[in-house]
Amino acid sequence: MNNPCPLCGHHETQADEERTIRKGAQIVADEFIKGRRSIDALSRRENEVIDAVIGLGMSFDEASDSLSIKYTVCLNYWQRAITKIKSL
């Protein structure tokens, strides 16, 4: 471990900080690309369920009401969407 900086107290060097920032940015970029691919990979309804549950924070019950579909149908769309996203 490096000695802390006498001015700011950080233990990381600037290169370490930049490496950490780049690693975080790469994770975000990878997930963004996966999200972009999922738009084309999922059906319209699967995208709507994902948007409602993840994007809007709805419960499955609220999402099914909002989309005018049965609760079990909502869960089926969710499960299919998650399976497709995992394969991207």
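**Figure 1. Handedness and packing of helix 2 against helix 3.** In this predicted model, the crossing of helix 2 and helix 3 is right-handed, a crossing being called left-handed if the near helix is turned anticlockwise from the far one by less than a right angle and right-handed if clockwise. Helices (H or I, at least four residues) and strands (E, at least two) are DSSP runs, numbered from the N terminus. On the side of helix 2 the contact (heavy atoms within 4.5 Å) is made by Arg45, Glu48, Val49, Ala52 and Val53, and on the side of helix 3 by Phe60, Ala63 and Leu67. By class, the contact of helix 2 with helix 3 comprises six nonpolar, no polar and two charged residues, where Ala, Val, Leu, Ile, Met, Phe, Trp, Tyr, Cys and Pro count as nonpolar, Asp, Glu, Lys and Arg as charged, and the others, Gly among them, as polar.

The model is predicted, and local features need pLDDT of at least 70, side-chain atom pairs count only at pLDDT 80 or more, while totals for chains, interfaces and linings use all residues. Residues are numbered from 1 along each chain as its sequence is written, and side-chain values use heavy atoms, with hydrogens and water left out.

**Figure 2. Helix 3 against helix 4.** The axes of helix 3 and helix 4 (residues 71-86) come within 9 Å and cross at roughly 105 degrees, which makes helix 3 roughly perpendicular to helix 4. Helix 3 contributes Phe60, Asp61, Ala63 and Ser64 to this contact, and helix 4 contributes Tyr71, Cys74, Leu75 and Trp78. The residues of the contact of helix 3 with helix 4 divide into six nonpolar, one polar and one charged.

**Figure 3. Ser68 in the loop between helix 3 and helix 4.** Ser68 has a positive phi of about 55 degrees although it is not a glycine. Most residues other than glycine have a negative phi. Ser68 is exposed, with a relative accessible area of 66%; buried means under 20% relative accessible area, exposed over 50%, and partly exposed in between (1.4 Å probe, protein chains only).

**Figure 4. Helix 2 against helix 4.** Helix 2 and helix 4 have axes that come within 9 Å and cross at roughly 95 degrees, which makes helix 2 roughly perpendicular to helix 4. The contact is formed by Arg45, Glu46, Val49, Ile50, Val53 and Ile54 of helix 2 together with Cys74, Tyr77, Trp78, Arg80, Ala81, Ile82, Lys84 and Ile85 of helix 4. By class, the contact of helix 2 with helix 4 has 10 nonpolar, no polar and four charged residues.

Figure 5. Glu46 is buried, with a relative accessible area of 2%. Not counting residues up to four places away in sequence, Glu46 touches Tyr77, Arg80, Ala81 and Lys84. The C-alpha atoms of Glu46 and Ile82, which lie 36 residues apart along the chain, are separated by 9.0 Å.

Figure 6. Ser43 is found in the loop between helix 1 (14-41) and helix 2, and Ser43 is partly exposed, with a relative accessible area of 28%. Ser43 and Lys86 are 43 residues apart in sequence, and their C-alpha atoms are 15 Å apart in space. Ile33, found in helix 1, is partly exposed, with a relative accessible area of 40%. Between Ile33 and Ala15, 18 residues apart in sequence, the C-alpha to C-alpha distance is 26 Å.

**Figure 7. The protein chain as the setting of the close-ups.** The secondary structure of the protein chain comes to four helices and zero strands, and from the N terminus on the elements run α-α-α-α. Along its principal axes the C-alpha trace spans about 60 × 25 × 15 Å. The protein chain has a radius of gyration of 20 Å, whereas a compact globule of 88 residues would have one near 12 Å; the radius of gyration is taken over C-alpha atoms, and the globule rule is 2.2 Å times the number of residues to the power 0.38. Buried residues make up 18% of the 88 residues in the protein chain. Of the contacts in the protein chain with a separation of 6 or more, 45% are between residues 24 or more positions apart.

Conventions. Axes are lines fitted to C-alpha atoms, for helices over the stretch in contact, and angles run from 0 to 180 degrees between N-to-C directions. Angles under 35 degrees count as roughly parallel, over 145 as roughly antiparallel, 65 to 115 as roughly perpendicular and the rest as oblique.
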